Amino acid sequence: MKNKSELTDFYYKKLFGTLQKLEIDRKQLRSRIITIGFFYTFIAVVLFFTLLDKFFNVEMLVFLGFGYFSLGALVYKFLVKDYTHEFKHSIIRPLIHALDKNLKYTPSLHVPQRYFTRSKIFTQAPDKLSGNDYVKGTIDGIPIQFSDIHAQKRHRDSKGRTSYKTMFQGLFVVSEFNKHFHGSTVILPDVAVSTFGDFIGGFLQSKNLSRDQLVKMDSPAFEKEFVVYSSDQVEARYILSHTLMQQLLNYKKRSKHPLFISFTSKNIHLAIEYNKDLFEPSVFHSLLKYKVAMEYIATLHLAIGIVQELKLNQKLWSKQ
Amino acid sequence: MSTPLIILIAVILILVLLYNSLISKKNQVENIFASVDTQLKKRYDLIPNLISSVSKYMEHEKGILEDITKLRAEANKPNISDEQKIALDAKMSSALGSIMIAVENYPDLKANENVMHLQHSLNEVEEQISAARRAYNQAVTDYNNALEQIPTNFMASAMNYSKKDVFAISEIERKNVNVKELFN
């Protein structure tokens, strides 16, 4: 597998021609969006003042604001559709294939919901699950799949209005784990201890009724970052060897985002919370900008890199 | 309700909670020791097979092999205490470790499929034992803490609880295992 700098080279050398072509499209698209946006906002403001004269109340204001943003988002999505399609096919796909030829990329699909639910990372099932940029295949013979995921929960307020609240948005990765296990082990960012301190935080964690037993790990560095719940105290430690704990800590450091991990149904599941849609083309910044390029490259490398970084390809005897 | 009665009920409630938390900690230790024991038995079961496969070749290590057989016989005795089991496990781990290193000196043995299989099975069991030991040590630490910390210490001394030993984790075990090296 190519490392990050080799991939950056690939981006700027092999994809340069395509990037330049896309850059022209991007500039045209940007000016079109700005022009349309300007007129759209102008009409909205005129409409607002006309309505303001006739009847004014708070509900009207909320309704107008909501309408303005949702219609605007729809128009925006329509405008960038072709550009997005082109970007995913001519930039993201070659990048994925440069990392490994065995990987299949489907921009419109996402990791099936049953994987998300069975991971047990979140105690509640989402009411709405969407996503895109589905990648599936094998790395060194180890099955792996990942995609963008946006999981939402439905809320109903006292007036009966429903709204959707984000449970998780980011990268969701599933891969086969190299040891046999039967139960489930979930590793979450340690929010309780870092907010309330060792004593109260630790107490709260041990009383978390929606989770399995609390597992205290024998690595202070790991304990500081994560909290572990498992159906089996011994199995959790069989999975989380000192080596794997160190590797997960390194991975967490590299990802720079909250990391949720679970071991269920023979697989390792990783949810990396970005709180935004990934692998979408940049419209207002140049695709040739290093920062923009690095975001695509680093994210892809992070997802595909788990097999090597966590040594999932080195199987124990019992799994060979 | 009169104030003394409320105080009495509160005191009884606190005592019950302390008592129950100690009992659950003690049971957790016993529970996890049972899984350590299962894993240790698994390893002891592999030993006769290992001895018979390697004893033909290993002339210089006869002493260690005899020690291993003796240790196994001791471990299989009924009614041995948990402390004895812990001590036997430490001796057994180091003896098996030296045999595994010695195997490297015998090319015939290294290539022997049966020995290779045994070696891999032992590695797998060692991983399981190591996990069980770590779980046991954490349970014992929780239990020992409760024995020393206020207010559970008063209850524990009334219940005649005594501190338990942890498994000594060797330096080799703490070191990151390089699986690749094991299989080459």
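The following questions and answers examine how several descriptions of this predicted model are reached.

Q: Why is Met294(A) called partly exposed?
A: Met294(A) has 15 C-beta neighbours inside 10 Å. A buried residue needs 20 or more, and an exposed one has 12 or fewer. The count of 15 lies in between, and therefore Met294(A) is classed as partly exposed.

Q: Where in chain A does Met294(A) lie, and how far is Met294(A) from Ser5(A) in sequence and in space?
A: Met294(A) belongs to helix α9, which covers residues 290–304 of chain A. Met294(A) and Ser5(A) are separated by 289 residues in sequence, while their C-alpha atoms are 9.8 Å apart.

Q: What makes strand β6 of chain A mostly covered?
A: Strand β6 comprises residues 185–189, and four of its five residues are buried. Each of these four therefore has 20 or more other C-beta atoms within 10 Å of its own.

Q: How do you know that β6(A) and strand β8 of chain A pair?
A: Pairing requires at least two bridges. Five bridges join β6(A) to β8 (residues 226–230), so the two strands pair, and their sense is antiparallel. Within this arrangement, Pro189(A) stands opposite Phe226(A).

Q: Why does strand β9 of chain A also count as a partner of β6(A)?
A: Three bridges connect β6(A) with β9 (residues 259–264), and the strands run antiparallel. Val186(A) has Ser262(A) in β9(A) as its bridge partner.

Notes
Residues numbered from 1 in each chain as written. Chains lettered and ligands numbered in written order. Predicted model: local features only at pLDDT ≥ 70, side-chain atom pairs only at ≥ 80, totals over all residues.
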